[in-house]
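Me: I have a model open and would like to learn how to read it. Could you walk me through it, feature by feature?

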Amino acid sequence: FPFPYTPYRIQEQFMEALYGALEAGRVGIFESPTGTGKSLSLICGALSWLRDWEEKRRHEEGRLLALGPGGQDGLTPQQARPDSADTAGQPDWVTAFVQKKEERDMVDRLKEEQIRRKKREDHLEKIRHNVRLKYAAKRKRCEEDEAKRLLQLSKEVLSEGAGEGALDQLDHNEEELILAEYESDDEKKVVSGLEEDDDDLEEEHVTKIYYCSRTHSQLSQFVREVQKSPFGKDTRLVTLGSRQNLCVNEEVRRLGALQLINDRCMEMQKNKHEKKSDEENEGKKRRVSRTVCPFYSYEQMQLLRDEVLVEVKDIEQLVSLGRETKACPYYGSRFAIPAAQLVVLPYQMLLHEPTRNAAGIKLKDQVVIIDEAHNLIDTITCIHSAEVSGSQLCCAHSQLLQYMERYRKHLKAKNLMYIKQILYLLEKFVAMLGGNVNQNPGCQAVSQTGTVLKSINDFLFQSQTDNINLFKVQRYCEKSLISRKLFGFVERYGGPASAVKTNKENQKLAGLQNFLLSLQQGSDKEGTPQDPLMEAEHNQLRTASPLMQIEGFLSALTNANQDGRVILNRQGTVGQSSLKFLLLNPAVHFAKVVEECRAVIIAGGTMQPVADFREELLCCAGVDPARIVEFSCGHVIPPENILPIILCSGPSNQQLEFTYQTRDLPQMMDETGRILCNLCNVIPGGVVCFFPSYEYEKQVYGHWEKTGLLSRLAAKKKIFQEPKKANQVEQVLVEYAKCIKRCSQTGGQMTGALLLSVVGGKMSEGINFSDDLGRCVIMVGMPYPNIRSPELQEKMTWLDKTMPRAAGHAPSRVLIENLCMKAVNQSIGRAIRHQKDFASVLLLDHRYARPAIFNKLPQWIRERTQVKPAFGSAFAELRK
């Protein structure tokens with residue numbers, strides 16, 4: 001394997017196992033602790049396989065082409081003997097002829113592909129070496145921009161005189177709000193605006209690797225690793241992202257909320273396709289939504305595509321290239337998919353089938369690598385679950401009703417029928433929450449509060465909606481873009497922004513405005529006053545069409561009855577109540593990926609415990625157990641660089657057991673404080689202490705403040721608390737790091753800092769406490785999930801019904817332990833980040849020593865863990 005430096009032995013093993021799995025078309029679960037160079041091993045292993053595979057295919061093609069169709073067509077006399085027949089009763093010569101024809105067709109196809117591939121490679125080569133070509137394109141653009149600007153100026157001058165007449169003309173761009181005639185349920189080819197150049201479109205998808213991770217920053221990090229690797233120069237790589245990350249149109253970016261950005265973008269494209277006959281009216285139309293995106297230009301996107309394929313770029317580079325070339329990176333990067341060898345994308349995009357299809361991702365016979373996959377099951381569950389609140393349902397009903405009333409004359413029968421069905425569904429859903437759709441949801445109190453779970457069929461039956469074909473309604477929503485039209489309609493008449501009362505129609509609709517306003521005020525009363533930033537975000541999401549959310553919920557209801565549940569959450573008022581769809585069987589949505597792909601690799605730093613991937617995800621998705629391979633490697637640090645200790649009792653011999661019943665006892669909190677005081681006396685640098693929840697962390701902190709323990713701690717270490725708001729995390733971390741650095745340089749009584757964090761919070765994933773930032777990680781108690789949550793209870797019941805008992809343990813019990821230990825492993829893995837790093841890990845709870853739990857620690861930690869019944873000997877070890 002080519003590698004930028006001499007690989008560790010475990011990296012070699014990792015790459016060999018990976019290569020083998022890809023070659024044999026397996027489904028692999030790969031675990032390689034963070035700090036062992038996992039990304040590089042993935043890159044070098046997978047791309048080596050891809051290179052060899054392409055080489056093999058070329059040989060095979062060469063062989064077939066060399067055979068060629070020439071000279072083999074003439075049938076020899078004995079082949080043409082009519083009397084001999086093969087098993088299917090066909091004479092030999094017929095079979096032979098058919099075979100020959102298939103071979104000939106194949107050779108012709110190969111030739112075409114070869115010509116096409118040659119063309120593409122030459123094209124990219126030309127761009128790679130021809131700087132002049134780039135600049136010519138750039139110059140042409142500048143000239144065009146200048147011409148456009150002048151044209152615009154002259155139009156504005158002309159339209160200034162015509163200002164007064166502009167008002168009455170508003171109505172003719174209302175046409176865009178009216179639903180087009182709905183061609184029942186047949187799938188029409190949608191115009192995609194790409195007809196200009198069909199030669200490129202039919203491009204075959206080359207065999208490629210789809211690499212997914214969770215966050216955009218993880219993806220950028222991966223792309224930088226590819227750039228540094230030996231494959232960085234000649235790999236065709238494309239990064240896909242959301243419009244929020246890739247849009248370069250400032251006016252659209254400013255909308256902030258993803259849903260709004262998506263809407264505006266789609267709307268601008270639609271405007272582009274309705275080639276404007278009325279150019280002359282352009283000056284008078286002052287509406288934003290008629291504009292066409294200047295970055296959505298086919299030629300420029302072609303250029304962008306070529307640039308992307310020539311040189312590996314991460315998201316930031318892609319965006320700045322888009323700005324520079326005036327081309328849309330979001331669509332430009334999609335054009336590059338067929339020719340790319342490595343496609344890097346967030347996992348939502350790959351795991352959600354509609355998104356996958358929209359992006360043009362074809363999985364047939366490709367390789368998928370899912371990195372950071374420890375949360376894969378939760379992620380699939382989240383992507384396919386949906387929640388709608390009572391106020392959203394009422395709001396959508398009101399909007400849709402007004403829409404129907406206003407445009408009734410213009411709507412065709414099919415449209416009216418579907419709109420009435422949707423209105424009916426909304427009305428019945430609100431009734432299920434105990435409300436009436438025609439009253440303000442904020443003022444209707446719910447009589448029986450609480451949470452009820454129902455199967456999908458029961459829910460549809462009890463809400464009296466089982467007679468409506470949800471599949472058809474869902475397809476209607478998708479094809480007719482009704483939620484988008486509704487959004488345009490409300491934007492124009494509903495929002496408080498459009499308080500222009502010149503038009504008679506507008507006065508009729510003032511009622512809708514007031515209703516929407518009352519909704520807004522109603523739902524603002526709910527919680528504590530939020531800070532203005534959150535507030536703005538809140539409003540923005542609320543003004544986006546609620547029908548969007550509801551479409552998600554409707555499509556969730558089309559899952560099979562046994563795979564999900566509907567949760568009715570009745571709280572206070574109808575507006576605050578909600579309906580939630582919970583997916584219980586993530587395998588149904590993963591099955592497609594596993595079936596279509598040649599190989600799937602699920603990789604992560606801590607994949608322990610692995611059993612739930614195997615049983616819940618793969619076996620349920622119908623993967624043959626023989627196809628699954630597991631690989632787990634140790635760590636690169638020498639054994640003496642980590643000291644994991646399970647501590648069973650504290651300095652005053654108080655047994656450590658943080659259950660719901662005992663953890664609130666003052667003596668437990670005192671003991672935890674004493675342990676920390678002792679540790680902070682001997683540990684240099686940073687100490688990170690994880691609590692099971694925000695509430696418990698706050699409680700303990702308050703208790704320590706009262707008893708004076710906090711000030712004793714603060715004498716040795718400056719104390720930081722994990723913030724609840726995501727936007728403050730960065731700041732706290734910077735301060736924490738600064739403090740540690742300052743203490744290590746100045747010496748003196750302060751030796752560093754103590755960070756109080758929460759398991760599963762912002763600090764327990766994706767953040768590195770390398771070197772002095774984390775010399776000790778402490779886990780207070782066991783972060784079991786909240787067993788009382790109805791979602792979890794339902795999942796447990798479902799598992800017990802559908803999964804076999806493993807070694808005498810109930811699957812639900814195993815699930816709870818797995819969730820707990822996955823969280824622990826994530827958090828404690830934060831401290832060791834490279835070969836020379838060292839740290840101690842302290843698990844405060846005697847329950848960690850139980851075999852079932854102990855065996856779920858990552859192997860490299862488990863091998864070195866000591867169980868200490870008393871504090872004395874543990875402290876001595878730590879001191880050393």
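**Reading the model**

Reply: Let's begin with Tyr-210 and its partners: setting aside neighbours within four places in sequence, Tyr-210 is in contact (heavy atoms within 4.5 Å) with His-205, Ile-337, Val-343, Leu-345, Leu-350, Ile-361, Lys-362, Leu-363, Gln-366, Val-367, Val-368 and Ile-369. A word on the ground rules: this is a predicted model, where local features need pLDDT of at least 70 and side-chain atom pairs count only at pLDDT 80 or more, while totals for chains, interfaces and linings use all residues. Residues are numbered from 1 along each chain as its sequence is written, and side-chain values use heavy atoms, with hydrogens and water left out.

Me: Which residues have the most contacts inside the largest nonpolar core?

Reply: A nonpolar core is a set of buried Ala, Val, Leu, Ile, Met, Phe, Trp, Tyr and Cys residues joined through side-chain atoms within 4.5 Å. Buried means under 20% relative accessible area, exposed over 50%, and partly exposed in between (1.4 Å probe, protein chains only). Here the largest core has 65 residues, and Tyr-210, Leu-345, Ile-370, Leu-376, Phe-590 and Ile-602 have the most contacts inside it. Helix 10 (residues 298-310) gives the largest share of this core, six residues. There is also a second, separate core of 51 residues, with Phe-459, Cys-477, Tyr-493 and Val-574 among its members.

Me: How many helices and strands does the protein chain have?

Reply: Helices (H or I, at least four residues) and strands (E, at least two) are DSSP runs, numbered from the N terminus. The protein chain has 35 helices and 18 strands. Of its 880 residues, 51% are buried. Take the contacts with a separation of 6 or more: residues 24 or more positions apart account for 80% of them.

Me: What describes two packed helices?

Reply: The angle between their axes and the distance between the axes. Axes are lines fitted to C-alpha atoms, for helices over the stretch in contact, and angles run from 0 to 180 degrees between N-to-C directions. Under 35 degrees counts as roughly parallel, over 145 as roughly antiparallel, 65 to 115 as roughly perpendicular and the rest as oblique.

Me: Which residues of helix 2 and helix 6 meet?

Reply: From helix 2 it's Ser-39, Leu-40 and Ile-43, and they meet Phe-222, Glu-225 and Val-226 of helix 6. For classes, Ala, Val, Leu, Ile, Met, Phe, Trp, Tyr, Cys and Pro count as nonpolar, Asp, Glu, Lys and Arg as charged, and the others, Gly among them, as polar. This contact of helix 2 with helix 6 has four nonpolar, one polar and one charged residues.

Me: At what angle do helix 16 and helix 20 pack?

Reply: Helix 16 (residues 390-407) and helix 20 (residues 482-493) sit at about 85 degrees, with their axes 10 Å apart. That is why helix 16 and helix 20 count as roughly perpendicular. The contact includes Leu-400, Tyr-403 and Tyr-407 from helix 16, and Leu-486, Phe-489 and Tyr-493 from helix 20. By class, the contact of helix 16 with helix 20 has eight nonpolar, two polar and two charged residues.

Me: Is Leu-393 buried or exposed?

Reply: Leu-393 lies in helix 16, and counts as buried because its relative accessibility is 0%. Apart from residues up to four places away in sequence, Leu-393 touches Val-388, Leu-426, Phe-429, Val-430, Leu-433, Ile-550 and Leu-579.

Me: Where is Asn-653 found?

Reply: Look in the loop between strand 12 (642-647) and helix 27 (666-682). Asn-653 has a positive phi of about 60 degrees although it is not a glycine. At 61% relative accessibility, Asn-653 counts as exposed.
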